[in-house]
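Here is a short report on charged side chains and their partners. Keep the sequence and the 3D view open while you read.

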Amino acid sequence: MISASNVTLRVGKKALFEDVNIKFTEGNCYGLIGANGAGKSTFLKILSGELEPTAGDVITTPGERLSFLKQDHFQYDNYTVLDTVIMGNQRLYDIMKEKDAIYAKEDFTDEDGIRASELEAEFAEMDGWNAEADAASLLNGLGIETAEHASLMKNLQGSVKVKVLLAQALFGNPDILLLDEPTNHLDLDAIAWLEEFLINFENTVIVVSHDRYFLNKVCTHTADIDYGKIQLYAGNYDFWYESSQLLIKQMKEANKKKEEKIKELQEFISRFSANASKSKQATSRKRALEKIQLDEIKPSSRKYPYIDFRPEREIGNEVLQVDNISKTVDGVKVLDHVSFVMGHDDKIAFVGSNELAKTTLFRILAGELEPDEGTYKWGVTTSQSYFPKDNTEIFSNDLSITEWLTQFSEIKDATYVRGFLGRMLFAGEDGIKKMKVLSGGEKVRVLLSRMMIENSNVLIFDEPTDHLDMEAITALNNGLIKFPGTILFACRDHQVVQTTANRIIEFLPNGTMIDKVTTYDEYLESDEMARKRQVYSMSESDAADN
């Protein structure tokens, strides 16, 4: 159990939290939600002990171990992957290293023997003999192959490091588990594995995530941060949304009834206060009027952008034909004779752990790369807008966002362009912000503004939900659902994929491809997925035997 008692945090004169009282109990998973800047990550740091509150206390049950998902991807560069995971239980790791050092001594004294015996007893009590197997199981579940477990962390790609640090947080059955955006940079398979892990986890979990499907799947409770307070709801994200909207509706209806009563009393008092025979009744109604208090209904601090992609031209029947495209990147063949035809009603989600294959295909179709082999052809009625995963080059200039966006608009009018930025929550002077100083979320919103102003009938997205808050993801999701053109996209948000796509293409690690007209949930339950899992399971078993 972990709780906050009268916790207040002030940054300068501003109170980020004010007298927060909340208890998180064993066996429950709490989704911590709130608008960008509400303080979700800050509150997790207070609970973890990384940040001291201005006032109040954080109380944990004595003897319980707390684990917090690390965000420093370079802290463990000189350790192996397996050791990094085991360091999630620092005491166990220290025992292992001390034991190894004692047994490596040439002159093994009686004192060494006594110390080793003490360590062995504690090691066995902590289930240390299964530590490496447990760590390997977590890594395999997150899609990190056994061959990489002995690698140094500094030799891994950033997306793989993220998975290792997540495995570290999960390792050793912590009593309290704090997870800040654990699904960031995970592929959909790894997210599905994490969902099952947390569903079966029996201790206390507090998680911050922008993935609505993930929160709905794993959370038993929702803690909503708004205006420096935290309101606890029993239920997942959808339950919170329905409950909070119902509460606001009930408060508005109650206020309406009170306002009607106030008007009725005021009219009576106005008519009869000077009437001697009615003066007692008027006085009585004055007292009743003074007792009526309207409920204070604060508007939420959440802000939703308005995302609406409107194609200038209706798309024809011939959209895209891809014939036997192959591409090798850094000596690895990531696309191997890829072929498919896209129809005018298709919204295709590209899924699976092979992110490089997806990005490479999108860059080829956007004209940024040439294939080694094969061809592709866009239909004559098509126009394309592309959202890249890596936008570093786009934002390395001295233009303001209004100046940059005007380049892509047929109407070269600053007011017109600022209208698109306003929809994406860039108000007033925000329009003169320099491109190179924008945050990750702001960059994404600028790119989405460009895609709206281009009025294309084909949209290509490579992980558009990274860096977006839940409100922006919801707005993007709605925009994609109602878009009348065609879409090719890769996205880590399960709900976006499920509600947008009507066709699934998966690039498998062995270079083959599955192409199926279906929703994402139906695809996950399909025979193709079952056969794929069976093949992977057999190949892992063969590798272990060898």
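Asp 77 is buried, because its relative accessible area of 17% falls under the 20% cut-off. Keep in mind that this is a predicted model. Asp 77 sits in the loop between strand 5 (66-68) and helix 2 (81-86). Beyond its neighbours within four places in sequence, Asp 77 is in contact with Leu 152, Met 153, Lys 154 and Lys 161. With Lys 161, the side chain of Asp 77 makes a polar contact of 2.9 Å. Asn 155 is 78 residues from Asp 77 in sequence, yet their C-alpha atoms are 7.9 Å apart.

**Salt bridges**

Side chains of opposite charge can pair when their charged atoms come close. This structure holds 28 salt bridges.

Take Arg 302. It lies in the loop between helix 10 and strand 10, while Asp 226 is in strand 8, so this pair ties together parts 76 residues apart in sequence. Both Arg 302 and Asp 226 are buried. Arg 302 has a relative accessible area of 11%. For Asp 224, also buried, the value is 8%.

Now Arg 492 and Glu 355. Is each buried or exposed? Arg 492 counts as buried at 8% relative accessibility. Glu 355 counts as buried at 16%.

How values were computed
Residues numbered from 1 in each chain as written. Predicted model: local features only at pLDDT ≥ 70, side-chain atom pairs only at ≥ 80, totals over all residues. Heavy atoms only, no water. Helix = DSSP H or I, 4+ residues; strand = E, 2+ residues; numbered from the N terminus. Buried < 20%, exposed > 50% of the residue type's maximum accessible area, 1.4 Å probe, protein only. Contact = heavy atoms within 4.5 Å. Polar contact = N/O pair within 3.5 Å; in protein donor to acceptor, adjacent residues only side chain to side chain. Salt bridge = Lys/Arg side-chain N within 4 Å of Asp/Glu carboxyl O.
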